[in-house]
Amino acid sequence: MHLSQNDFLARAESTLARLEGAALDALSHHGKPSVSSLAGVFREEARLSPSQFAQALCPGPLSPIGFAALVMRELLAPVDVVLEGSVSEARVVTGNARAPSSLRVTCPLIVLGDLEVEGVLEDCGPDSTVVVLGRCTAWGLQTSGNFLVLGDLVVRDVIQGVYNDESLVVAGDLTTRFLDENDHDVTCYGEVHAEHHLENGRSGDAAVTLASTFLRPELWNVDLGELHHDALFERIRKGEPVFTDATQAPQVREPDAPTAEELEGLDIAGIAAQASANARAKDVVYAQRKTGEVWLMRPGSLPLHIFDGKQLLGQGTPPALDVKQRASERVTFWRKRGDLFLEIERFGAVVQLHAGQNNGSLRTFRFAFATPDDAAQEVRRLEARYTGDFLRVTSMIPGRGPLERELANYGGPKTEYTSAIVDGTTLVTRDGERQRFDDEASALSALEDWIAGKRQAGFDLKILEWKPYGLLG
């Protein structure tokens, strides 16, 4: 059936005159509905199919397409349909719609009756616009587009808003176990019934602390301040549990800055005065009361200073280092609090320390010893010193991602950069190399050869960082 201009606009006038209450409030969320906003769709064609009409109004504010859906309901005969898997072309369902499994919507979907999804309902804003004039039910809802429900919205497990560009608007009641608005506009003109509710503008740390009381531990990371929404909805799709059987104690991320207990008894002001005229006591990023060690760093302006409990490191002239040789051994430590790292390299009788912050500043210290055995003993001492406060790592930072080493060559007319990651048993470099080995130890040995080769070419370590979003991306 097609929609004719005269019949449609006449019916729109009478429909608008009858609009009131929560339905009118919801339709007005993006501006007052008007007949003129619909009349322009007929500019070139006197007759349009319902899907053509919907496509002409989307993407765009909810008021015109929501109002148009009400008019279409009065003009079109109801026909129920079953939706399978995805909706990738604009569609108007004139009756009720049911999806026997999860449903992904990537274009306008208008349902003039009820929508029932036996799985996760996911839209893809801004290309998708979903309008349901009746009741909408699902196991989970992940929405990044404009989504309007004039009846009740009932989601068994979780509703997540994604991005802040579009809106989820409900005229009736909204019921779910866990509502995470994130930074999305979620507006309900009825009553909200949510056992757990994270409102718009919530911080990542606050979200994880609350979620840790009721979501399974694999669905959140307190160190990163992140909820793993994709994993959460994948479990819902598979019918796997996402909630704990009982309420758990809230988990709180440890502060990046040293605590008062860690600083107790340390003369931070005196250490800062020794370090630099620009150093301040509040620049301390790490302190160990047991050894008296203090790290001072002000991101972007103050280089890292390390006071080892007796003296500031790096005060004298560092010994020479033959960069052509392969490191005798390497030990890497990472501290989740403040994302601090310490990498220890030994080259025969020389020990080299790289210390800094993830994707931030780095400082290198170098010390010479009488024999390689003396240098190896110093490495063991440093291992013992930092074990506990720091995690020893090889290729992955637990709870973070793969460890990437970036090297830089500042010697030529143009600065060059390169980097490498060990991914399981594969050495991956920014130069496009992928070398596979039988085990991780062999891959790490190949990494040492790669580092040695780059140093011979004039490169040196610029930064260590963890990569949460893919290899060398």
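The following legends describe an overview and several close-up views of a predicted model.

Local features are given only where pLDDT is at least 70 and side-chain atom pairs only at pLDDT 80 or more, while totals for chains, interfaces and linings use all residues. Residues are numbered from 1 along each chain as its sequence is written, and side-chain values use heavy atoms, with hydrogens and water left out.

**Figure 1. Overview of the chain.** The secondary structure consists of eleven helices and 34 strands; helices (H or I, at least four residues) and strands (E, at least two) are DSSP runs, numbered from the N terminus. The radius of gyration, taken over C-alpha atoms, is 30 Å, well over the 23 Å that the globule rule gives for 473 residues, so the chain is more spread out than a compact globule. That rule is 2.2 Å times the number of residues to the power 0.38. Along the principal axes, the C-alpha atoms fill a box of roughly 95 × 50 × 45 Å. Of the 473 residues, 51% count as buried, where buried means under 20% relative accessible area, exposed over 50%, and partly exposed in between (1.4 Å probe, protein chains only).

**Figure 2. The largest nonpolar core.** A nonpolar core is a set of buried Ala, Val, Leu, Ile, Met, Phe, Trp, Tyr and Cys residues joined through side-chain atoms within 4.5 Å. This core has 34 residues, of which Phe8, Leu38 and Phe53 touch the most other members. Two or more residues each come from α1 (5-18), α2 (21-27), α4 (50-57) and α5 (62-75), and α5 gives the most, with eight residues. Apart from this core lies another, of 30 residues, which includes Ala99, Val130, Phe147 and Val186. In soluble globular proteins, nonpolar side chains tend to be buried together.

**Figure 3. Surroundings of Phe53.** Contact means heavy atoms within 4.5 Å. Not counting residues up to four places away in sequence, Phe53 touches Leu3, Phe8, Leu38, Val41, Phe42, Leu48 and Ala68.

**Figure 4. Ala99 in strand β6.** Ala99 lies in β6 (residues 97-99) and is buried, with a relative accessible area of 0%. Its contacts, leaving aside neighbours within four places in sequence, are Leu83, Glu116, Val117 and Glu118. The C-alpha atoms of Ala99 and Tyr163 are separated by 25 Å, the two residues being 64 residues apart along the chain.

Figure 5. Beyond four places in sequence, Gln288 touches Glu293, Arg385 and Asp389. With the residues up to four places away in sequence not counted, Thr426 touches Ile421, Arg434, Gln435, Arg436 and Ala443.

**Figure 6. Cis peptide bonds.** Cys58 and Pro59 are joined by a cis peptide bond with omega of about -5°; Pro59 is in the loop between α4 and α5. A cis bond also joins Gly125 and Pro126, with omega of about 5°, and Pro126 is placed in the loop between β10 (120-123) and β11 (129-132).

**Figure 7. Positive phi at Tyr163 and Asp339****.** Tyr163, not a glycine, has a phi of about 70°. Tyr163 is in the loop between β14 (153-161) and β15 (167-170) and counts as exposed, at 53% relative accessibility. For Asp339, phi is near 50°. Asp339 is found in the loop between β24 (329-335) and β25 (340-347) and counts as buried, at 14% relative accessibility.
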